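Trainee: I am new to this structure and would be grateful for a close look at a single part of it.
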Amino acid sequence: MTKDVIIRFVGSAGDGLVSLGDLFSKILKKHNFNVLGFRSYQSVIRGGYNEYQIRASTDEVLSVGEDADIIVLLNKHVAGIHRTRVNSNAMVIYDNDYIDLDELEYPENIKKLPIPLAAITKDISKLKVLKNIVGFGAISIILGLDETLVKEVIFEQFGQKGEEIIFTNYEALEKGDKFATENNWPVKWEKHKYEKAQQMIITGNEALALGMISAGLKFYSGYPMTPATSIVHYLTKHLPTLGMIVKQTEDEIAAVGMAIGAAYCGARAATGTSGGGFSLMTELIGMAGIEEIPLVVINSQRAGPSTGMATKTEQADLFQAYGVSQGEFPKVIMAPSSVLEAFQVGIDAVEISEKYQVVVIILLDLYLSEQIATIRKLDLVRENKRYEILENPDENYIRYKITEKGVSSRTLPGTKNGMFFTGSSERNEQGTSLASTLAGLPETLPIREEMVKKRMRKLDYILEELEKPKVFGEENTPITLVSWGSTKYIVREAIKLLKIEGISANQLHVKHINPFHTKEISEILEQAKEVLCIEQNYTGQMKDFIRMKTGFNIEHNLRRWDGEPIVPSQIISKVKEVLKIE
Amino acid sequence: MSDDFNFVIKDYESNFKPTWCPGCGNFSQWRAIRQALIELEIPPEEVVAVSGIGCSSHMPNFLKVYGLQTLHGRGIPVATGIRLANPELTVLVYAGDGDIYGIGGNHFLHACRRNVDIISIVSNNFVYGLTTGQASPTTPVGTTTRTTPRGSIENPINPIAVALSAGATFVARGFSGDLKHLTYVIKEAIDHRGFAFVDIYSPCITFNRNQTFNYFREKVYKVEETEHDKEDFYAALDLSNQRFMKDNLPIGIFYQIEHKTTYEERDFTLNQGIIPAHASLDITKEQIEAITKEFY
C-alpha cells in the first residue's frame, strides 16, 4: 500500500519554521519516506505568515501537493489567515490555550486536535521553540513513527549543543507522544519497523553546489540575494574542508568580476545571484564571452520585475538570460528541473565552461533552489581533467588561434612564453585589439568575421554533447504538455492523476535553452495533437522562445505569476478545458 | 641584481606600439612600470597587468606580460579574483581617474579596506580623454570641458584622502614629468605587502589646457625631501588636503604601513599556501564525507 501524507506547518517568521520544517523533513526521510518540502514565506525577519509544507510518500514524490492532511498552527495570527486554506478532512493541530478554532470559524468537519504545546513546554524549559518538538512527538503517534529514529535525528541536529539540550528535546518529544496517546489521537499508520534510509535529503541550491564541487570548483563569489544566497552559505561552511575561495563581494559586478579573474588564472569559478544581481553582472558576462574565459553564472529566478516579490518563485528571466549583455557571443543556458538534476547541471556547467571557454548560465527558480528533497546517494567522485591548457608553450604561442571547434589553447598566468594580451575589444588571433589603429582596415574586416564565427561555432559542438529532449510518457496522446525548469515534476504528477481519470497526456520538457535542440523539439511538436505550455510567468516566455526557434506556435497556455508554484489541479483543469472534457 | 635575471626593458614590451598622443603622460608610466619590474626582478610571465577602459587603460596592450583589459571601472575586481586564485602573481591594475574614481569607485573603496596585495595605479589627467574631453571626478571646480562649458560646478574627489580613510596601507602619488621619482614610487608600490595605491599626475596634452606638464613642474615637491613621516596617518591626511589650485603639490609616498595583515594572510585557504588556480580538481572520500554528512 502506498503511504502518502502532506503536513503543513503554519507560523510566523521567528517561530523557527524553517528549522522545524527541515528537521521534520529529515525525520520523515529517516523513516525511509521519499520527501519533498517547500516553504512559502515573506521577506520579513519577525512576524508575518509563513507555511512549510512537507509531503512524504513511499512512492515517488513529484510535488509538495495541495491539500494538507495534517496542519499544525503555530500561533493565533496565522491560524486566522489560514482558515480559508483548510480542506474539510484535515487534522488540525493547535495550542488550545491560545487558539480557538470555533471563534476563527474553522470548518465543522475538520478533525480538531488541540494540544497545550506552550504549557507542556513550560514544564520542561524556557526555550519556546521546544513546543515544536512537543508537536513532533504528537504527530509521531498519527504517523506511526519510530521514537528511536526521531531521537536519532534530534541527536544529529542538536548533538553539538550538549547533553542538556538533547535531553530537554527528548523530554519534549516524549511528552508530545504521551499527550497524543492519552488523548486517543487518530492513528493514520500503525507503528512498524522501518528499513534504514540510504537517501540524501538536500535542497536544490545545495545539490547544485555539490555538483560544482564534484567538477572541481575552486572559486565562488557572490553578493547576498534571495534565493541564491544559500549556495554561498553552504560553500562557506565547508570552505576549510574544500580548500577553495568563497568571496562575498561589494556588489554583483565585483562578484562576477572576481570569478572571471579567478577563471582567467585557471581556477574553476562560478558566481550566483537572482535577477537583480544578474542585471548588474550582464556587462562582465559579455566580457567573459568575448575574452573566452570559462565562467559559470547562476541565476535563481524570483518574482520580478525589479525587487518584485523577493521570496516568491517565477520563471521570467528566460529572455534576460538569452539576451544577456550587448552583442553576440556563445552562452550556454541550462535550466535544471529537480534537486537531482541540479547536481548534474552543476557538474556539466563547470565542465562545459572550461572545455569550450564559454559562459554557462544556470537558470534555477526559487521553487527549485529552496525545495528540500530526498534523492539517491550522490556520487561526487569524478575524474576531472583539464581542457586546452598549455603548460609548455613555445615562443610563438598564439592565444586566439582559429580552430575547427572554435576553441583555442590557453595559457595560465605564470606560464613561461605564454604571455598574451586579451581585452574586451574584438581582436586578431594574437590578441591585438581591432578597436584602435586596426579598426576598419580592409585586412581586418575578415578577421572580425572569422573571430565571431570561431566563438559562435562552439555552440554547434556543445549541442552535440547535450542530452536530446525526448517525450515522456505514452505516444500519440491527445495532448502534449510543455514545461521547463522546476515545473517538470509538477506536470508529471498532473499526468499521473489524469491517467487515473482515464485521460492520457505526455510531456516535452525543455532543459537546454541554448544551444537549443531545434530539430528534435520541432519534430516532437509537429507530431503532437494539442500542445499546452505550462510556465511561471505572465508573457509566456518559453512559448515565445519555442516559436522563435522552431516557428511552432503553441496554442494553449497555462501561466501562473502570483509567486506560488503551479499545482497539479491547475494543470488538470486546463487539460480538461483544452480537450473539452467535463 | 642577481646574475640569472637578465630581462631588459624590451622584454616587457609587446609588438603593438603605444597609440597615445605624442607627449602623453602615459608614456613615462609605461617606462616606469617596466623599469620597476626589472629592478624588482619580476619576470614578465609572473606579472598580470589588468586595466579598464580609457586612454591609459590601453597600457596592457603595450606590455609583454599577461595583459587583461576589462571593462570601464572593473579592473579592480577582476584583478582581485586573479590574485586570490594565484597569490604568486604580481597583479597591477592600471586605469584612469574616470575609471577608478568614477564608474569603479565602489571597487576602489573596497580594495582599500580589503587589503588584497594588488597594485592600483591611476593615471590621473583630470579629464575624460578617449571620449574627447569631458569632466572627470577629479576635474577642478570651474574648469570648462565639453560637458561643463560654463565651468564645472562639482567638487572634485580627493583620491589620496579617500584611499587613506578607506584603510589603504600604501598611498602614494607620482608625476609623469619625473620618471625617476615615478619609477621609485611604482617600485615601492609593487614591493608593498598589501593593497598599494598610486595616483599619478599625468597631463593630457590634447584635452586639458590647465593641468599641463609646466603647471605641475612648477608646483610639485617630493615628500621624501621633507620631514614627512609616512607611517603617520594624520600627517598623510593633512598632506592630502593641500588646496589643489593654490598650494604646492606633494608627490611621493604619503602613507605606508606594513604591520596590517593582508587579505591573503587572513584567508583560511590562502593562508595554508593553497593556490586555487593550480589546486587538484579531485575530491577525496574524506572530503565528501565531511561535506555531505548533514544530508543523511
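How many of the eight residues of strand E10 (residues 249-256) of chain B are buried?

Mentor: A word on the model comes first. This is a predicted model, in which local features need pLDDT of at least 70 and side-chain atom pairs count only at pLDDT 80 or more, while totals for chains, interfaces and linings use all residues. Residues are numbered from 1 along each chain as its sequence is written, and chains are lettered from A and ligands numbered from 1 in the order in which they are written.

Six of the eight residues of E10(B) are buried, so this strand is largely enclosed by the rest of the structure. A residue is called buried if 20 or more other C-beta atoms, placed from the backbone, lie within 10 Å of its own, exposed if 12 or fewer do, and partly exposed in between. Strands, marked E, are DSSP runs of at least two residues, and helices, marked H, are DSSP runs (H or I) of at least four, each numbered from the N terminus.

E10(B) has strand partners in chain B; two strands pair if DSSP finds at least two bridges between them. Strand E7 (residues 170-175) of chain B runs antiparallel to E10(B), joined by four bridges. Within that pairing, B:Phe170 has B:Gln256 as its bridge partner. Strand E9 (residues 220-222) of chain B, by contrast, pairs with E10(B) in the parallel sense over three bridges. Here B:Leu249 of E10(B) stands opposite B:Val220.

In all, 49 residues of chain B are in contact with 53 residues of chain A, contact meaning that the C-beta atoms of two residues, placed from the backbone, lie within 7 Å. On the side of chain B that touches chain A, strand E2 (66-69), helix H2 (75-85), helix H4 (105-114) and helix H10 (285-292) each supply at least two residues. H2(B) gives the most, with eight residues. Strand pairing also crosses between the chains: strand E16 (residues 421-422) of chain A and E2(B) pair in the parallel sense over two bridges. There, A:Phe421 has B:Gly67 as its bridge partner. For the complex, the predictor gives an ipTM of 0.97 and a pTM of 0.97.
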